[in-house]
Every structure is written in structure tokens, then in C-alpha cells.
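Please read the numbered points alongside the model.

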Amino acid sequence: MFLAKKSKGFCVEIGEYSTLLARLSSPDAPYIVEELKEFPATDTAAITDWVKTTEGKGSTGYAHATCGIYPTKRIIRRHTLDPKKVKEPAYFSEIYTQQFRVEPEKYTIKALNPGDGSDYDMVKAAQKEVLFCGLPSEDIITLQDKLLEQGVYPERLELGTLATLGGVVNYLKFKQSKSPVLLLEIGEESTQSFIVSADGVDISRPIFSGIAAMIPVVQKELGLKDEESAKKLFYSNTFDFTSMGGALVKKLLKELQSSIGFYEVQTGQSIGSVLCTQLPASLTWLGTTMAGSLGVPVMKLDMLPWLESLNIKLAEGVTLSQPEERWAGLFSLIASHQNAVPDEKK
């Protein structure tokens, strides 16, 4: 018995607010994106229905996909190692416990080089800077089960944040840009913040403040009876909140300014733009508000030429809903699926 050959490729990005899906012409590069879909993360039925009706699934009936995930307790932390302790067996566990405040035995964590995302060489341990990436081990099981229930077979599961960081670094190299970017993934309870340049991830910092911290401000400013009403209105996209934007992002901004100030003193470089990739469509204006409060523009990606450089093209009739930057994570995931080819061989 021979299994039917998979004729399509699939990529799925499961964010906190939205699930983005791409059906590709083939499982291998060069890719033609034949369909793009977006669903609210909570609409499991719609995602399942799309997978059932889309073409290109394997003989199992599952869409075999590369999946990017954004678990709320993910760790993406750049850290400076102590050269004297780096070869001690318990040193990394000590960092996880003392610096990241997590129980090492409950997490799956990997050490990477912050410049290019390659595996950190534990034997040589030549570099002081390392990018620790991980998530609770039980989240891996939960997310895999959820994907299977929706008809998606995760051939590869990776932290979407990592793919996005790699994509932004690649884009800055593609544009030959020297300006660092502030990348923000604003979640319900927390925000992942990064300063990224063409040389890699320069700074990472989790901030324990997100959308939830803005809801009491909305309630107060509009005189609403309770926070639940404020939350519904905030996410509804039926009211223009831009006039109170400064008050909404005040707490988050204060935390970010300390990171940016530290970076600028250390490197002598200023942030060139802000990129918010994980906001729901109804809240994309928050990225503009954040950038305006910091006195820099929102990063605008020149998507189609960049995608072409990554061997990705959109089929006729396939377009990116606005703002296009919301798709940066999914396309970075598609690009990370193929093996990097050295420049001299391109």
C-alpha cells in the first residue's frame, strides 16, 4: 500500500487572537501561495471546516503543516553568560530558575546564537551571548492535540516568535537597513518586546503588561459601568480609541522606554521604527499609537519583493489584508521551512 503523495504545503500560525493559514503550491520551495485565510483564534469550528474542505491534504485526511505557536508562557530571552560557569552542568538550570523564574523540569528550552539563530555550541561555549527559547512542556502536548482536533497534522512545531525574529532580521538585511526595529508582541496579559537589527536579536524583554491593563483605562475614560462592557467595546472596532491612545499605552510605554534608553546608551543607535505583529485586526491602531508615542514611524514592510527574495510568490487573486505587516509572522514561518542556501550558491 502506497501513501498518496502530498501535493500541497500548509503553514499555520496560531496567535493569541488570530489563526492565520496558508495553502502552498507544494511542500517545498519555491512556493506559490494559493490561499490565505484568517480566523479568530477561538473559532475552532471555522478552522476545522476550512481544513476539511481545502484541497491538498494527505491520504490521512490531515493537512500536514509547519505550525508556528505563541504560548503565553513562552521564553525568548537574550542572556549574557558567565564564562567561568558556562561548563558547569547545573549552570543553565540555575539561569532558568533564578533569572526566568521557571521550573526547568517543566520547560523545554533550547539555547541559540542571537545573531543567526543557530544552535549554541555547548562544547566550545565560545560566545557569551545566548538566546534562550522555550515553552512549558505540557503546552507542546496541548497545542499538538488542539491542532489534530482541527484536522492539522503538525509536521513541525516551532515558536512563532522565533520565526518572526528571523524574518525581521532577514528583511533588514534584504533592505540593507542599518536602523534597529522595536518588535512588539502585545498579548492579553503580557508583552514580548525585542530590539532587532540586521545583526540579530540585540535585546529581549518580557513585560508583564498587555491589553488587559488597558481595559480599566477605557472604562474610566468612557464612564462605562464595568470592565466587561469596556472589553467588548475595545475589541469591537466600532469606536475610535485613538484620541485616548496615549493614556492606554502609558504603562507599557514606560517599561519600553527604559529598555530603549539602555539600548541607545549601550550602542549609540536609536530605534528606527516599531513593528507590532500579533494584534487582532481591530486593534492594529495600537501599533501606530505606540510608534507615535515613541516618536518613530510604524515599520512598513515592502512585502512582495521581500517574499520573492525568499522564493515565495502569491498566486493570482491572492492578496494580503491590511495592514500587510500582520502577515509577517506567517511568511517568516513559510520561509523558515526551507533550508537556508548560502549567498554564493544562490
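1. What order do the strands of the open sheet of 4 strands have? The order is 11-10-9-12, with mixed pairing; two strands pair if DSSP finds at least two bridges between them. Strand 11 (200–207) and strand 12 (273–276) stand at the edges with a single partner strand each, so one side of each has no neighbour in the sheet. From one strand to the next, the twist averages 20 degrees.

2. On the basis of the model: it is predicted, local features need pLDDT of at least 70, side-chain atom pairs count only at pLDDT 80 or more, and totals for chains, interfaces and linings use all residues. Residues are numbered from 1 along each chain as its sequence is written, and side-chain values use heavy atoms, with hydrogens and water left out.

3. Strand 9 (residues 181–186) and strand 12 run parallel and are joined by 4 bridges. Leu 184 stands opposite Cys 276 in strand 12.

4. In helix 2 (residues 91–98), the buried residues are Tyr 91, Phe 92, Ile 95 and Tyr 96 (buried: under 20% relative accessible area, 1.4 Å probe, protein chains only). They cover an arc of only 145 degrees around the axis, which puts them on the same side of helix 2; the arc is that of the directions from the helix axis to the C-beta atoms. These buried residues pack against strand 5 (75–80), strand 6 (107–112) and strand 7 (129–136), contact meaning heavy atoms within 4.5 Å.

5. Helix 5 (residues 215–222) and helix 6 (residues 227–236) pack at about 100 degrees, with their axes 8 Å apart. The two helices are therefore roughly perpendicular to each other (65 to 115 degrees).

Terms used: Buried means under 20% relative accessible area, exposed over 50%, partly exposed in between (1.4 Å probe, protein chains only). Axes are lines fitted to C-alpha atoms, for helices over the stretch in contact, and angles run from 0 to 180 degrees between N-to-C directions. Angles under 35 degrees count as roughly parallel, over 145 as roughly antiparallel, 65 to 115 as roughly perpendicular and the rest as oblique.
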